[in-house]
Amino acid sequence: MSKSEKKMMRATIPEEEYMFPGTVDCQGCGAAYAMRLALKALGPQTMVVIPACCWSIIAGPFPTSALKMPIYHTAFETAAAVASGLKAGLNIRERDATVLAWAGDGGTFDIGVQALSAAAERDEDIIYVCYDNEAYMNTGIQRSSATPWGAWTTTTPRKHPKDRPKKNMMEIMAAHKIPYVASATVGHPEDFVRKLKKAKEIRGTRFFHVLATCPTGWRSPPELMLELPRLAVETRVFPLYEIENGVYSINRKPKQNIPVAEYLKVQGRFRHLTDQQIQYIQDHVDETWELLLKKEKLGRLF
Amino acid sequence: MSTVKVITGNHAASFGARDSRAEVIAAYPITPQTQIVELLSEFCADGTLKAKFIKVESEHSAMAACIGASAAGARAYTATSAHGLALMHEMLHWAANGRHPVVMANVNRAMGPPWSIWTDQNDSLAQRDTGWLQFYCESNQEVYDTTMIAFKVCEQVLLPGMLVLDAFILSHTYEPVEMPDQELIDEFLPPFDPPYKMDLKDPHAFGALTTPEWYMELRYLIQEAHEKALVKVREVEKEFGETFGRHYGPLELYRCDDAEEVILIAGSTASTTKDAVDIMRKEGRKIGLARIKLFRPFPNKEIRDIASRVNKMIVIDRNISFGNQGIFFNEIKASLYQTKHTPPVYGFVAGLGGRDMKIDDITGIVKQAETCNIEEILWWGVKL
């Protein structure tokens, strides 16, 4: 895509709503907004598979449902496997639907990674969205392998915060050579919707890594639901990019060098960090960004 | 025209799934089951069977994928054994509680450690409370037949079903298996059409969080479905017998008409026991065999009927519930509690981890039951 095209593009978010209001999410929940956007983009011919995650609650207790689409609630580690079976069952009966597996970071990075990796290796015809709120938020803020270095959670107390970097799920999924891998955030709705619309037209496994604000777990003001992920992108903590058939394209290259401290300081989960620790995070973010720029320059990588 | 093939128990399971027209198969290899899904993958590849075969990375995902397929309204099938079945455990609950009539063959294999690939019943019996129907087969023919019987019963009551065959004794042993005309099978087992499925035109949320206000009612309905399943098994087996000439029943009685003693056992050891019964009969002993084919739902009525007609029951378990006794032994005793006629019931634990069960073992057990203390666990053939 050329620069002029990028400037021209104004993705329109469809007006149709497929999610009912009144869902039981926390104030300023990014995960809830992410679903609302995803269904707008994918449209009514969608079936949703939800493993254990915040969305097991947000979708509403029996006999209610927050979505106008069919939902299959399943066990924690099985979103990709159930979605594969669902798609196969639809295919054999010559029925069609976009099968959307919708999991949190625990169900994707940790307990569900085996089934997800296998589904991607088989190139199952599913869209898998990981809404990443960077910890086990539904059980009360325990660290996952998606929790960033230095963050407080209830299992990484301030005296011993997370001492390993966030797992790079984008690269893990790209290594499966699936047709489409994209990062997105709830702070960039048009970008997310555009990517989902594109993914809908692709066959095979399509993976989304969506940064979803969690004011409860991040100890951040709910009104920063859109602002925080934007800051994550502007500080390059969470780059927006796509890997389409092995070609990397970075969707947003911040012109200003905003230090990561700007992103960290508004979140209680990073409050304990020393200047030295913040510098360590900055160095890591810079290195990862440089590597990403190099990958984009290399052209087709698989 | 029906055809007869000389095949292993494993391939009898594969042909059973093929002729039942399974639509989605998701499976993972494990000894001694692997041949079941190998042959099915060939059927899918050469178009003999119009089905999607999902080559998953674990048994847990195999069951998850079968559940997804069943949620789409398709007929789903898998096969496993021992550790594979144990890994599936969570999803066995999910399949039953989600009311998905998935059918699975489980090759009875002992659990490790130590590693063992030989037969015993602890793998399947450990799944007793998951809500699955369980059918224990005696022959390769029965494995083939029970696949379609299981699908028919399960789809009527919306519960999953497991047919069980012994490792190697059935799984890898060749026997002639008669396969009826596909047209007749199709008549017996019409296409699956569940009342609820993932449907864009009729959207539902399946398995959503349910508060104490309704959870118990959903469990009540599963128990009710099991009770219905017991009736259905009898009906469907009768229909199967009328159509194809073979009848098994939840509790198969062998030479029980005038029996004073009865041996109760499940699986292929029943064949050996039939020979042992014949020998003991020749010696003048009025003994019979009641083969437990159906374990869940448990055929209480049939068990009580036979108990009311004999003076002694001898249960042989190729399994043990540690800290208590043989599992069939316990189930049978529970079934007889507070019934009018309860003969003494002797429980033997034998043949674990594939230890051979020969005619002499059966006659030896019957002999030991004459003198042993009914209060103890009766271990047969332990070298300690």
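Student: Where in chain A does Lys177(A) lie?
Tutor: Lys177(A) is in the loop between α7 (169-174) and β5 (180-185) of chain A. Helices (H or I, at least four residues) and strands (E, at least two) are DSSP runs, numbered from the N terminus. Bear in mind that this is a predicted model: local features need pLDDT of at least 70, side-chain atom pairs count only at pLDDT 80 or more, and totals for chains, interfaces and linings use all residues. As for labels, residues are numbered from 1 along each chain as its sequence is written, while chains are lettered from A and ligands numbered from 1 in the order in which they are written.

Student: And what is phi of Lys177(A) near?
Tutor: Phi is near 55° there, a positive value in a residue other than glycine. Lys177(A) has 17 C-beta neighbours inside 10 Å, so it counts as partly exposed. The cut-offs go by other C-beta atoms, placed from the backbone, within 10 Å of a residue's own: 20 or more is buried, 12 or fewer is exposed, and in between is partly exposed.

Student: What about Asp123(A), is its phi positive or negative?
Tutor: Positive, at about 55°, although Asp123(A) is not a glycine. Asp123(A) sits in the loop between α6 (113-121) and β4 (127-132) of chain A. It counts as partly exposed because it has 14 C-beta neighbours inside 10 Å.

Student: Switching to peptide bonds: which bond to Pro63(A) is cis?
Tutor: The one from Phe62(A) to Pro63(A), with omega near 5°. Pro63(A) belongs to the loop between α3 (54-58) and β2 (71-73) of chain A. In chain B, the bond from Pro113(B) to Pro114(B) is cis, with omega near -5°. Pro114(B) is in the loop between β5 (103-108) and α5 (122-125) of chain B.

Student: Let's zoom out. How many helices and strands does chain A have?
Tutor: Chain A has twelve helices and eight strands. Its radius of gyration is 18 Å, close to the 19 Å that the globule rule gives for 302 residues, so chain A is as compact as a globular protein of that length. That radius is taken over C-alpha atoms, and the rule is 2.2 Å times the number of residues to the power 0.38. Along the principal axes, the C-alpha atoms of chain A fill a box of roughly 60 × 45 × 35 Å. Of its 302 residues, 53% count as buried.

Student: Now the interface. How many residues of chain A are in contact with chain B?
Tutor: 37 residues of chain A are in contact with 39 residues of chain B; contact here is two C-beta atoms, placed from the backbone, within 7 Å. On the chain A side, α3, β2, α4 (79-92) and α6 each supply at least two residues.

Student: Which of these gives the most?
Tutor: That's α4(A), with eleven residues. The residues on that side of chain A divide into 21 nonpolar, twelve polar and four charged. Ala, Val, Leu, Ile, Met, Phe, Trp, Tyr, Cys and Pro count as nonpolar, Asp, Glu, Lys and Arg as charged, and the others, Gly among them, as polar.

Student: What strand of chain B does β2(A) pair with?
Tutor: β2(A) pairs with β9 (residues 205-206) of chain B, in the parallel sense over two bridges. Pairing needs at least two bridges found by DSSP. Tyr72(A) stands opposite Phe206(B) in β9(B).

Student: In what order do the seven strands of the open sheet in chain B run?
Tutor: The order is β3-β2-β4-β5-β7-β6-β13, with mixed pairing. The edges are β3 (52-55) and β13 (294-296), each pairing on one side only. At the β13(B) end, β6 (residues 133-136) of chain B runs antiparallel to β13(B), joined by two bridges, and Gln134(B) stands opposite Arg296(B).

Student: Last one: which residues of helix α12 (residues 359-371) of chain B are buried?
Tutor: Asp361(B), Ile362(B), Ile365(B), Val366(B) and Ala369(B). Down the axis of α12(B), these fall within an arc of 135°, so they line one face of the helix; the arc is that of the directions from the helix axis to the C-beta atoms. The face turned away from the buried side of α12(B) carries the exposed residues Asp360(B), Lys367(B), Glu370(B) and Thr371(B). The cover over the buried residues of α12(B) includes β11 (261-265), α9 (269-282), β12 (287-292), β14 (312-317) and β15 (345-349) of chain B.
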